[in-house]
Amino acid sequence: MRVLLVTGCYPPDQCGIGDYTEKLANSLSLIQDVKVGVLTALVHDRNNKSASSVELIDVVNQWTFYQLPKIILTIRRWKPDIVHIQYPSQGFIHPGSISFLSLVCRISGMRVVQTWHEPHGQSGKNYVKNFFYFSVLKLGAMGLIFVRPNYTSLLPASYREMIRRIPQATIPNTSPLPISKLSKRHRLLLKKEYLGTYQRLVVFFGFVYPSKGIELLFDIATSSSDLLVIAGTLKDTSYIQQLINIAQSKNWRCNQVHFTGFLAAHDAANLLSIADAVVLPFLDGGGEWNTSIHSALAQGTLVITTSLTPHGDEPKRNFYTAALMDIVDMRDALDRLAGRRIPPISPEIQWAEISSAHLAFYHQLYTHL
């Protein structure tokens, strides 16, 4: 089977969907009789670190609408059995070619699968535009994959009805990062390098957006003993300055809060492996779809986060969930559990299961449609 994955970004871009696509492509390529290609932008400038059997296809510099004929021609020449397009939440409303690609591919006689990573916008001033793009994606989809459970329950009833007859599958996510290979000695040295004179290393990992609740860290952690490392892509400088101002107002010193910006995969894995705790106080709650959670848990590091259905302490996973905005509970969990570790768990087994589930879904579409 020939599977062409399509994504708006791909490593070394600073993009979670790109990381996911790379891991999925590499894992699928290990399955016998499966040929995998990845179509994305600006491939010709990349240092290809994917599995050698994954073919990266250079076709466009930008996803403009006018590039659509060129993209379709390239796809037809590759002759895929399945075209699988990845859509992030911010990609659902896009005037460029990627929003219309699935529909044009289907009109051209191709079998098209879409993965929806986050729920669509539902209301507000963009309601008409949201509905239009949702309709376009729906018409182009012969199969839908969701990474978060109960995805359809997050959609309005009219949207659920529109996709009711489309074959669907929920296939969980996992960590896109490798397991840190630091020795115990080098782990201690790296942690000492970060900590300096402080006692605990508390890390936030992921995209730095207001919805992540990062400002709550300054009340959850302790300014007299903790060093805070906020590791992730920084896209909004005004929000960064806002965080700095909040930290200073709560008696955090300048050298106590580090913003690393984007980290390469191995550097991110090393940082997560030395943390006393990874604290993710998401305002909307985290879950099985969140790669920041998976990435930290895979290193065996304590993760404290929020959930719509909190379960408190889960020591076998080294995982603690609190209710949304429950600063007191998260602070107490950090004080009681910081530094607790379990053996790391390689995500490669999970990726093998994920790729096998994808292949089964592809075969379902290929044989029944």
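This is a short tour of one structure, stop by stop. The model is predicted.

**Stop 1: helix H1**

Select residues 16-29, which form helix H1. H1 is mostly covered, with 12 of its 14 residues buried. Among them are Ile17, Tyr20, Leu24 and Leu28. Glu22 and Lys23 are buried as well.

**Stop 2: salt bridges**

Side chains of opposite charge can pair when their charged atoms come close. The count here is 11 salt bridges. Visit three of them.

Select Glu118 and Arg148. Their side chains meet in a salt bridge, at 3.0 Å from N to O. Glu118 lies in the loop between strand E5 and helix H4, and Arg148 in the loop between strand E6 and helix H5, so the pair ties together parts that are 30 residues apart in sequence. Which of these two is buried? Arg148 is, with a relative accessible area of 13%. Glu118 is partly exposed, at 27%.

Next, select Glu161 and Arg164. This salt bridge has an N to O distance of 3.2 Å. Glu161 is partly exposed, with a relative accessible area of 48%.

Then select Arg200 and Asp226. The closest N and O atoms of this salt bridge are 2.7 Å apart. Arg200 sits in strand E8 and Asp226 in strand E9, so the pair ties together parts that are 26 residues apart in sequence. Both Arg200 and Asp226 are buried.

**Stop 3: aromatic rings**

The structure holds 14 aromatic pairs. Select Phe65 and Phe100. Their ring centres are 5.5 Å apart and their planes stand at 85 degrees, so the pair is edge-to-face. Phe65 lies in the loop between strand E3 and helix H2, while Phe100 lies in helix H3, so this pair ties together parts that are 35 residues apart in sequence. Phe65 is partly exposed, with a relative accessible area of 41%. Phe100 counts as buried, at 17%.

Move on to Trp116 and Tyr151. Here the ring centres are 6.1 Å apart and the planes are at 50 degrees, so the pair is tilted. Trp116 lies in strand E5 and Tyr151 in the loop between E6 and H5, so the pair ties together parts that are 35 residues apart in sequence. Both residues are buried. Now widen the selection to Phe131, Phe134, Phe146 and Tyr159. With Trp116 and Tyr151, they form one aromatic cluster.

**Stop 4: a pocket and a cavity**

Rolling a probe the size of a water molecule over the atoms shows where empty space is left. Go to the second largest pocket, with a volume of about 400 Å³. It is lined by 21 residues, and the closest to its centre are Gly286, Gly287, Trp289, Ser307 and Thr309. Strands E12 and E14 each supply at least two lining residues. The lining divides into 5 nonpolar, 11 polar and 5 charged residues.

How many cavities of 30 Å³ or more does the whole structure have? A search finds 1. The largest cavity has a volume of about 40 Å³. Select its lining: Gly287, Glu288, Ile293, His294, Leu297, Arg317 and Phe319. Helix H10 gives the largest share, 3 residues. The cavity lining divides into 3 nonpolar, 2 polar and 2 charged residues.

Definitions and conventions:
Residues are numbered from 1 along each chain as its sequence is written. This is a predicted model: local features need pLDDT of at least 70, side-chain atom pairs count only at pLDDT 80 or more; totals for chains, interfaces and linings use all residues. Side-chain values use heavy atoms; hydrogens and water are left out. On a 1 Å grid over the protein atoms alone, a cavity is a set of points where a 1.4 Å probe fits but cannot get out, and a pocket is an open set with protein on both sides within 12 Å along at least five of seven lines; lining residues have an atom within 4 Å of a point. Grid points are joined across faces, edges and corners, and a volume is the space filled by probe spheres set on the points. Helices (H or I, at least four residues) and strands (E, at least two) are DSSP runs, numbered from the N terminus. Ala, Val, Leu, Ile, Met, Phe, Trp, Tyr, Cys and Pro count as nonpolar, Asp, Glu, Lys and Arg as charged, and the others, Gly among them, as polar. The expected span of a helix is 1.5 Å times one less than its number of residues. Buried means under 20% relative accessible area, exposed over 50%, partly exposed in between (1.4 Å probe, protein chains only). A salt bridge is a side-chain nitrogen of Lys or Arg within 4 Å of a carboxyl oxygen of Asp or Glu. Rings of Phe, Tyr and Trp (its six-membered ring) pair if their centres lie within 6.5 Å; planes under 30 degrees apart count as stacked, over 60 as edge-to-face and the rest as tilted.
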